[in-house]
Every structure is written in C-alpha cells, then in structure tokens.
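Please keep the sequence and the model at hand while reading.

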Amino acid sequence: MIIDMSSRPPLPQFQKKASHLDNYRRVYASSERLSSRAVGDEAFAAYMRDYDALDARAVVVKGSDVETTFNFKIENEHVADLCRRFPARFLGFAGVDPHKGKAAVAELERAVRELGMRGLDLQCFEHKLNINDPLLYPLYEKCIELDIPVNVHCGMNFSTRTRMTYGKPEYLDAVLVDLPDLRVCASPPGWPWVNELIAVAWRHPNVWIGLVAVRPKYLADPNSGYGPLLQYGRSILQDRIIFGSSFPMMPVERSVAEIRALPLGAEVEHKWLYANAAAFLRLA
C-alpha cells in the first residue's frame, strides 16, 4: 500500500503549459520520457490502473495560483471536482496566491470549507517569496486555524526566472519557531541543503520531509548529496519521510521500486511509502 504525496493527473486541466517552468522540461527530460505524456481520458484510465496495481490508498493533487508573478493558475475547483469524482483515490491541496492578501486567505478557507480541500500547497519560488516572508504568515495561521497541513517547496528549483534560494530550509525553521503548531511537509527534500533540512526536521516534530521529484536511488549514493536522508530517515527521522513521485516528472512505478530497493527494512519501508503520509494527512 502506498500514498503518493504529489502527482499531476494526465487531464487537460492539470497539464497547462507553464512557461516559467520550461527549464524543468530540460532537466527532467529523461525521466519524463518514461512517463506517458499523453493527455485525455485514455491516458487517465491508464494512470488510474497504474495506481491500482501499486495499491494506492491516496494520491495528492494540488492546485496552483501564481497569477501575480507568472500569470499561471490551476483552479482549485478542478482539483475538488476530481476528488469528488474519485473520493477513494484523490486528496486535494489548495493553491492560493499570497500576493492577493486577504483574498488569498479567504480563498484558502473557501477551498477547505466549501470544496473539501485537505491542505495548502505553497511553491514559494513561484511566488518569489522566501518561506518565512511576512506575506505567507496569514496563510500559515489560517492552516493552523483550519487544522490542515501545508506542503512547502524546500530546496533549490530549476526555474531560471526566479531565484534558487527561496527554498532554503533555514527559512522554514524561522516559521516553525514562530508557529510551532503548523504541520509542514517540506518537499522536495532540501537539496543542496539536505543537512540543513534534516536539522529543521530534527528540531521540529511537526515537519515531515517529502521525497518528491527526486530519484530514490540517489539516497544510496554517498556522492549525491542525498545520503544523509537515508542515514537519518531510517533512524531518528524514520517517522517523518514521505513518498511523492511528482508524476509525470518521475514515473510512479520506478520511484516505488527504487524505494523498495533501499536498505530500509520492511517496517521503515512501510512508513516511507504509506504510514508517515497517513499520519501527516490524518487519514483514518
């Protein structure tokens, strides 16, 4: 059984072109070729069968609103509609634009209370904001009020139209010092500041680390920079590592197989692929 913390279904409403992410297509070209790039009903049916074969308990799909910075949006309504159609498979995280101020906070509340969204997703590099920017604090505070988690992009990004440093883990530490009740998944897992993110998660019990958009096999490579995640993720942080494929950037089946090939042991493997995400999402 697995939970995938990040996936984009092959449907038109989730596959809009985002020109500010063009460099991602270059970086992830080889892995994306292994995922079907077809879009539409047949591709979606195959996508669902793949998750059935992996015994997926839940798949997180995220909205996006970066209209202020990049004029791009994936509507929360589209995410909510998919979750209503397939409630046994999908969970929705809302996307809001913090530059919209009170309207963003209101949209988050509407997305949770009216649309049934289960969390907030913040790709801070797309908003051109550090994780601890004051514009984000009203959203973090609303997450605490609504008792929902937030997924925060942590680590460098590959968009050459924004800075790579917005996702430094030290900014997340500042947020958790101010708001210790905030429940956070930091994903992807912090590279090239992996040790810094491990320190943040070690300090703060409400921080999980998402293995999103990275090949799990690199955790076993001592020269990759991801090695400490394996060391700490099977020991003191074994309850705080969460799997996410970021499909179609990474093929889901290969990503799961690479986690199962790591020297984790059955108990820790189950935590990484399922139990930790279930705890983070508070699934029954």
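Which loop holds Pro248? Pro248 lies in the loop between β10 and α12.

## Basis

The model is predicted; local features need pLDDT of at least 70 and side-chain atom pairs count only at pLDDT 80 or more, while totals for chains, interfaces and linings use all residues. Residues are numbered from 1 along each chain as its sequence is written, and side-chain values use heavy atoms, with hydrogens and water left out.

Helices (H or I, at least four residues) and strands (E, at least two) are DSSP runs, numbered from the N terminus.

## The sheet

Eight strands form an open sheet with parallel pairing, in the order β1-β2-β5-β6-β7-β8-β9-β10. Two strands pair if DSSP finds at least two bridges between them. At the edges are β1 (2-4) and β10 (241-244), each of which pairs on one side only. Neighbouring strands of the sheet are turned by 25° against each other on average, direction ignored. Axes here are lines fitted to C-alpha atoms, for helices over the stretch in contact, and angles run from 0 to 180 degrees between N-to-C directions.

Within the sheet, β2 (residues 56-62) pairs with β5 (residues 90-95) in the parallel sense over 4 bridges. Val60 stands opposite Leu91 in β5. Helix α5 (residues 76-85) packs on the sheet and touches β2 and β5, its direction making about 170° with that of β5. Contact means heavy atoms within 4.5 Å.

## Helix α8 and Glu145

Helix α8 (residues 137-146) lies across β6 (119-122) and β7 (150-152) and runs at about 160° to β6. Glu145 lies in this helix. Leaving aside its neighbours within four places in sequence, Glu145 is in contact with Glu109 and Arg113. Glu109 is 36 residues from Glu145 along the chain, and the C-alpha atoms of the two are separated by 9.7 Å.

## Helices α12 and α13

α12 (252-260) packs with α13 (residues 266-281) at an angle of about 155°, their axes being 10 Å apart. The two helices are therefore roughly antiparallel (under 35 degrees counts as roughly parallel, over 145 as roughly antiparallel, 65 to 115 as roughly perpendicular and the rest as oblique). Val256, Ile259 and Arg260 of α12 meet Glu269, Trp272 and Leu273 of α13. By class, this contact has 4 nonpolar, no polar and 2 charged residues. Ala, Val, Leu, Ile, Met, Phe, Trp, Tyr, Cys and Pro count as nonpolar, Asp, Glu, Lys and Arg as charged, and the others, Gly among them, as polar.

## The second largest pocket

The second largest pocket holds about 280 Å³ of space. On a 1 Å grid over the protein atoms alone, a pocket is an open set of points where a 1.4 Å probe fits, with protein on both sides within 12 Å along at least five of seven lines; lining residues have an atom within 4 Å of a point. Grid points are joined across faces, edges and corners, and a volume is the space filled by probe spheres set on the points.

Of the 17 lining residues, Ala46, Tyr47, Asp50, Phe247 and Val252 are the closest to the centre of the pocket. α3 (41-53) and α12 each supply at least two residues, and α3 gives the most, with 6. The lining has 12 nonpolar, 2 polar and 3 charged residues.

## Backbone details

Phe247 is joined to Pro248 by a cis peptide bond, with omega about 10°. Another cis peptide bond joins Ser187 and Pro188, with omega about 0°. Pro188 lies in the loop between β8 (184-186) and α10 (194-203).

Asp55, although not a glycine, has a positive phi of about 55°. Asp55 is found in the loop between α3 and β2.
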